[in-house]
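This report describes the fold of a protein model in plain terms. Please keep the structure in view while reading each section.

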Amino acid sequence: MLFFSFFKTLTNHTITVELKNDISIRGTLKSVDQYLNIKLDDITVLDELRYPHLSSVKNIFIRGSVVRYVHLPAAEVDRGLLEDASRREAANQAGKAK
Amino acid sequence: MENLTISDPPRGGTPHSGGQLGSAAGAPAGPPQLPPQMFTTAAQLLDLTDKKLMLVLRDGRKLIGVLRTWDQFANLVLTSTTERYFVSSSNDRRLFADIPRGTYLVRGENVLLIGEIDLDKDDDIPPGYTEADIEDVFALKKEEEARRKKSDRTRSRKAGELWGGELEGSGEILF
């Protein structure tokens, strides 16, 4: 659930989502759910001539399973906090496994 | 969805730990969190119900229709659907055509993305493309597919020679 929580802290920031079919879509993160399905508002497609079908679309729902990368605004990511949270989660998992 | 709206306060307990990373005891309370029901698949699809959508499937098809019913897997029912084909031919002509299809039930795993169509821009022609006859577009589409399959096969064969074995899904369309 860590990345779900992490993405929730990024709502209303501009992110770029690169899909497995090579489309890159930039927009404001509106919502995310447990499968990391993403909702973006006010989108722009980076290579519009190759991907013309989104020209009249303003906001989209992206299924989490088709996302390759999410480009994040560096200023909005607290890396220390994220690293701590990862370690804590790993420790919890290790504790559970015993 | 029990008629929940975004403005409802969260109900008894916190199923998700708000927006806080991890669950450290004594961590400083962050900014006020949005209600957790906003962060579910159902809530995301609820806003899209009865809207005109552009659905992109895993095999590359583009369906335009009105979303009527859905469930937690993003299985969808679309009505008044048209399928839109885009082709760019070898002499740099870009064409599209719409084919009326009717009602669709789409299994969720095949959904790539769902775009809500801005009704102000609905009738705009995609920039750089012109509308053409269905038959013409279809013929060009077939040509394009054949070209792509051929190059995919070549690539897969070369990769096979380099690393041994075949690549998965050779010649098949993915996305």
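## Hairpins of chain B

Strands β1(B) and β2(B) make up a hairpin in which 4 residues lie between them, and G60(B) in the turn has a positive phi of about 95 degrees. The model described here is predicted. Within the pairing, K52(B) stands opposite V66(B) in β2(B).

A further hairpin is formed by β2(B) and β3(B), with 5 residues between them; here A74(B) in the turn has a positive phi of about 65 degrees. These strands run antiparallel and are joined by 6 bridges. I64(B) has T82(B) in β3(B) as its bridge partner. Strand β2 of chain B, residues 62-70, has 7 of its 9 residues buried, so it is largely enclosed by the rest of the structure.

## Hairpins of chain A

Chain A contains 2 helices and 5 strands. Read from the N terminus, its elements follow the order α-β-β-β-β-β-α. The hairpin of β1(A) and β2(A) has 4 residues between the strands, and D22(A) takes a positive phi near 75 degrees. The two strands run antiparallel, joined by 5 bridges, and I15(A) has G27(A) in β2(A) as its bridge partner.

Strand β2(A) also forms a hairpin with β3(A), with 5 residues between them, and L36(A) in the turn has a positive phi of about 60 degrees. How many of the 9 residues of β2(A) are buried? The number is 7, so β2(A) is largely enclosed by the rest of the structure.

Next, β3(A) and β4(A) pair in the antiparallel sense over 3 bridges. In this pairing, I38(A) stands opposite I62(A) in β4(A).

## One sheet across two chains

The strands of both chains belong to an open sheet of 11 strands with mixed pairing, in the order β5(A)-β1(A)-β2(A)-β3(A)-β4(A)-β5(B)-β1(B)-β2(B)-β3(B)-β4(B)-β6(B). Which strands form the edges of the sheet? They are β5 (67-71) of chain A and β6 (130-131) of chain B, each of which pairs on one side only.

A helix is also placed against part of the sheet. Helix α2 of chain B, residues 134-163, lies across β3 (76-88) and β4 (94-106) of chain B and runs at about 70 degrees to β3(B).

In soluble globular proteins, nonpolar side chains tend to be buried together. The largest nonpolar core of this model has 33 residues, of which L19(A), I25(A), L40(A), L54(A), I60(A), I62(A) and L113(B) touch the most other members. At least two residues of this core come from each of α1 (2-9), β1 (14-19), β2 (24-32), β3 (38-45), β4 and α2 (79-97) of chain A, and from each of β1 (52-57) and β5 (111-117) of chain B. Apart from this core lies another of 16 residues, including F61(A), L45(B), L48(B) and L55(B).

L54(A) shows how contacts cross between the chains. Beyond its neighbours up to four places away in sequence, L54(A) touches I25(A), I43(A), V45(A) and I60(A), as well as M54(B) and L113(B).

## Two residues compared

N59(A) is found in strand β4 of chain A, residues 57-62. Is N59(A) buried or exposed? N59(A) counts as buried because its relative accessible area is 11%, and the limit for a buried residue is under 20%. Leaving aside residues up to four places away in sequence, N59(A) touches L40(A) and D41(A) in its own chain, and L48(B), I114(B), G115(B) and E116(B) in chain B.

T49(B) is found in the loop between α1 (41-46) and β1 of chain B. With a relative accessible area of 22%, T49(B) is partly exposed. The side chain of T49(B) reaches the backbone oxygen of L46(B) at 3.0 Å. T49(B) also touches L67(B), R68(B) and W70(B), not counting residues up to four places away in sequence. Although T49(B) and V66(B) are 17 residues apart along the chain, their C-alpha atoms are separated by 7.8 Å.

## Chain A as a whole

Buried residues account for 47% of the 98 residues in chain A. The C-alpha atoms of this chain fill a box of roughly 55 × 25 × 20 Å along the principal axes. In an unreviewed entry, UniProt lists residues 2-76 of chain A as "domain: Sm". This span is 11% helix and 45% strand, and its end C-alpha atoms lie 16 Å apart.

How values were computed
Residues numbered from 1 in each chain as written. Chains lettered and ligands numbered in written order. Predicted model: local features only at pLDDT ≥ 70, side-chain atom pairs only at ≥ 80, totals over all residues. Heavy atoms only, no water. Buried < 20%, exposed > 50% of the residue type's maximum accessible area, 1.4 Å probe, protein only. Contact = heavy atoms within 4.5 Å. Core = buried A, V, L, I, M, F, W, Y, C linked by side-chain atoms within 4.5 Å. Polar contact = N/O pair within 3.5 Å; in protein donor to acceptor, adjacent residues only side chain to side chain. UniProt positions renumbered as here; feature names shortened; annotations may be inferred. Pairing = 2+ DSSP bridges. Axes fitted to C-alpha atoms, helices over the stretch in contact; angles between N-to-C directions.
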